[in-house]
Amino acid sequence: MTQPIGPVDSSKTPRYAGPAGFARLPRLDQVEHADIVVAGVPFDSGVSYRSGARFGPTHIREASRLLRPYNPALDVSPFEVAQVADAGDIAVNPFNIGEAIDSIQAAALELTENGTRLVTLGGDHTIALPLLRAAAERHGPVALLHFDAHLDTWDTYFGAEYTHGTPFRRAFEEGIIDTEALSHVGTRGPLYGKKDLEDDRRFGFGIVTSADVYRQGVDEVVAKLRDRIGDRPLYISIDVDVMDPAHAPGTGTPEAGGITSRELLEILRGFVGLNLIGADVVEVSPPYDHAEITGVAASHLGYDLVSLLALRHEASAHG
């Protein structure tokens, strides 16, 4: 096996110098093959309130300059056990949501050829639908863990079917998610009505609210989620507004009473060994961020997702 090409050594080249690839990783065109790819989708035409998430991928990459190559929480050096590369940004039409969705799906399929796993940096939550379509084309209907303050299973906004508040309803209707293994985590805040929850249950979603995380604790929540997922192919979608605005102010639709970045990271770290096949981190809106708080949190989420995929790759290589 060829030794993976790792990130720029920050003990030799200052973190603030040089290209700002995710975690200072090589570009995809600089490696022969990538086991894991990080790609950005600078798209926010599906937002219903505050815009700015189109600048999210660049913001997350900039914050990721501080990441280091060994992850002690998961006891893995992800860039040594797998070839990880940054594919840059997927260019999508900001004026045509349907065309953008098709472009994202096509790019995700191209990037996941030959077993490559994809971690996507958004962009608004609209992008989860084409990413799930691509994942289902590769693996069949996938289990879904959706970290978000909101359900994102509404029907339409202003008559539009494809927005950042509708992707998982469309995914249910299209049959691309496994209705036996769907969970929202971190939901909270006001809804339009009780029917929102009734529809959500009908689609097959279980809900772990932010209050549940607070009252039950990370370990109990992880155990319940692992039991629900089993060994199914798993896709994880993280809207940064799942975190309290104190931990993620730079987002378009903040809600009070969210989980902490520490709780979110610890929940993710509880998924070692699950059949993770892809993930996204979305809704980072730099114009509303302060001191890179949201960007730093998002970069660490991306790093832990890459680490989980690297552990899975390592286990498969030796299995």
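Me: Leaving aside its neighbours within four places in sequence, which residues is Val84 in contact with?

Reply: This is a predicted model, in which local features need pLDDT of at least 70 and side-chain atom pairs count only at pLDDT 80 or more, while totals for chains, interfaces and linings use all residues. Residues are numbered from 1 along each chain as its sequence is written, and side-chain values use heavy atoms, with hydrogens and water left out. Contact means heavy atoms within 4.5 Å. Beyond four places in sequence, the residues that Val84 touches are Ile5, Leu25, Pro26, Ile36, Val38, Pro78, Phe79 and Val306.

Me: Is Val84 buried or exposed?

Reply: Val84 belongs to strand E2 (residues 84–89); helices (H or I, at least four residues) and strands (E, at least two) are DSSP runs numbered from the N terminus. Buried means under 20% relative accessible area, exposed over 50% and partly exposed in between, with a 1.4 Å probe and protein chains only. Since its relative accessibility is 0%, Val84 is buried.

Me: Which residues is Thr120 in contact with, leaving aside its neighbours within four places in sequence?

Reply: Thr120 is part of strand E3. Its relative accessible area of 1% makes Thr120 buried. Apart from neighbours within four places, its contacts are Ala39, Val41, Ile127, Leu131, Ala279, Asp280 and Val281.

Me: Which elements do the buried residues of H9 pack against?

Reply: Helix H9 spans residues 261–269, and Glu263, Leu264, Leu265, Ile267 and Leu268 in it are buried. An α-helix has 3.6 residues a turn, so residues three or four places apart point the same way. The buried residues of H9 pack against E4, helix H7 (210–216), helix H8 (218–229), strand E7 (234–239) and helix H10 (293–317).

Me: Why are H4 and H5 classed as they are in relative direction?

Reply: Axes are lines fitted to C-alpha atoms, for helices over the stretch in contact, and angles run from 0 to 180 degrees between N-to-C directions. The axes of helix H4 (residues 128–139) and H5 come within 9 Å and cross at roughly 30 degrees. Angles under 35 degrees count as roughly parallel, over 145 as roughly antiparallel, 65 to 115 as roughly perpendicular and the rest as oblique. The crossing angle therefore makes H4 and H5 roughly parallel.

Me: Which residues of H4 and H5 make the contact?

Reply: On the H4 side, the residues are Ala128, Leu129, Leu132 and Arg133. On the H5 side, they are Pro167, Phe168, Arg170, Ala171 and Glu174.

Me: How are H1 and H10 oriented to each other?

Reply: The residues that meet are His59, Ile60 and Ala63 in H1 and Gly295, Val296, Ala298 and Ser299 in H10. The two axes, of H1 and H10, come within 8 Å and cross at roughly 80 degrees. H1 and H10 are therefore roughly perpendicular.

Me: What is the angle between the planes of Trp154 and Tyr157?

Reply: A search of the whole structure finds five aromatic pairs. Rings of Phe, Tyr and Trp (its six-membered ring) pair if their centres lie within 6.5 Å; planes under 30 degrees apart count as stacked, over 60 as edge-to-face and the rest as tilted. Trp154 and Tyr157, with centres 6.4 Å apart, form an edge-to-face pair whose planes stand at 80 degrees.

Me: How many residues apart in sequence are the parts that Tyr157 and Tyr192 tie together?

Reply: The rings of Tyr157 and Tyr192 have centres 6.5 Å apart and planes at 65 degrees, so this pair is edge-to-face. Tyr157 is in the loop between strand E4 (142–147) and helix H5 (167–174), and Tyr192 in the loop between strand E5 (177–187) and helix H6 (194–203). Tyr157 is buried at 15% relative accessibility, whereas Tyr192 is exposed at 63%. The parts tied together are separated in sequence by 35 residues.

Me: What is the phi of Arg24?

Reply: Most residues other than glycine have a negative phi, and most peptide bonds are trans. Arg24 lies in the segment before strand E1 (36–41) and is buried at 4% relative accessibility. Its phi is positive, near 65 degrees.

Me: What is the omega of the cis peptide bond between Gly122 and Gly123?

Reply: Gly123 is in the loop between strand E3 (117–122) and H4. The cis bond joining Gly122 and Gly123 has an omega of about 15 degrees.
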